[in-house]
Amino acid sequence: MFIYFIRHGQSYVNLPDWPGGNTDTGLTELGKQQAAALAAYMPQHVPHIDGLYASTMMRAKETAQMLAAAYGSEIHFDDRLREVGNNRMDHSPWPNDALPNQYADFWGSARPFSPLVTDVEQGETWMHFRTRVGLFIEEIVERHYRTPSVVAQGERRESNVVAVCHGGVIEAAFHHIYNIGHRPMCEVWSHNTAVTRFQYVAHPGRESWRMRDHNRIDHLVGVEESAFF
């Protein structure tokens, strides 16, 4: 089984001069171009998908909608795919029109057991965040894993699942799949609409996952040349 984690297109909240803090913003014009290029690229390289999941935040929704149109697929929205700090400790989401706006003055990996937002009660920590992403991954494996010998749509293939999410979610996915401790020493960074691909293989007595691709932005050739430097 392959899981494709895809970061959303550029959003207004990603802009370095964005004055609005942590708000639920949609895609910029560049972000829409990135998402359109992704939607043209993915079906050519992954013709069949067995599930399309997306964060319930606007920038991920808008990105996923373009993919859904390209595939003719339904989107399964999942709050566990939201960016770090936008859910409570119990993993339930803060309202999109009233998100926590005051982040702590430290990076999550520096103090993984301390709340990352300071203007609300029950704000999640980095470890709460990692847990909700891990729960999503384990559920996807249970729901979609099958052996490649199963005939699907007239051909023998493994299942493909796409999750449109956020940079922090992709980093947490690495931590979960690699079984990294609570104080990682390397940040995992993803460009807007970059594709990360893991394969679940379930080999008895050895690793269950394979890292196949990270931060692929082939589709941005001609859209955003600066992405390659």
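Residues are numbered from 1 along each chain as its sequence is written, and side-chain values use heavy atoms, with hydrogens and water left out. Because the model is predicted, local features need pLDDT of at least 70 and side-chain atom pairs count only at pLDDT 80 or more, while totals for chains, interfaces and linings use all residues.

Helices (H or I, at least four residues) and strands (E, at least two) are DSSP runs, numbered from the N terminus. Two strands pair if DSSP finds at least two bridges between them. β1 pairs with β6 (residues 160–165) in the parallel sense over six bridges, with Ile6 opposite Val164. β1 also runs antiparallel to β7 (residues 195–200), joined by five bridges; here Phe5 has Thr196 as its bridge partner.

Next comes helix α3, which covers residues 126–144. Among the buried residues of α3 are Trp126, Phe129, Val133, Phe136, Ile137 and Ile140. The buried residues of α3 pack (contact means heavy atoms within 4.5 Å) against β1, β2 (51–54), β6, α4 (167–177), β7 and β8 (209–216).

The largest pocket has a volume of about 850 Å³. On a 1 Å grid over the protein atoms alone, a pocket is an open set of points where a 1.4 Å probe fits, with protein on both sides within 12 Å along at least five of seven lines; lining residues have an atom within 4 Å of a point. Of its 31 lining residues, Arg7, Glu83, Val84, Trp107 and Gly168 are the closest to the centre. Helix α4 gives the largest share of the lining, three residues.

Finally, the count of disulfides (cysteine sulfur atoms within 2.5 Å) is zero. The sulfur of Cys165 is 18 Å from the closest cysteine sulfur, in Cys186, which is too far for a bond. Cys165 is buried, at a relative accessible area of 0%, whereas Cys186 is exposed at 59%.

Definitions and conventions
Buried < 20%, exposed > 50% of the residue type's maximum accessible area, 1.4 Å probe, protein only. Expected span 1.5 Å × (residues − 1). Points joined across faces, edges and corners; volume = space filled by probe spheres on them.
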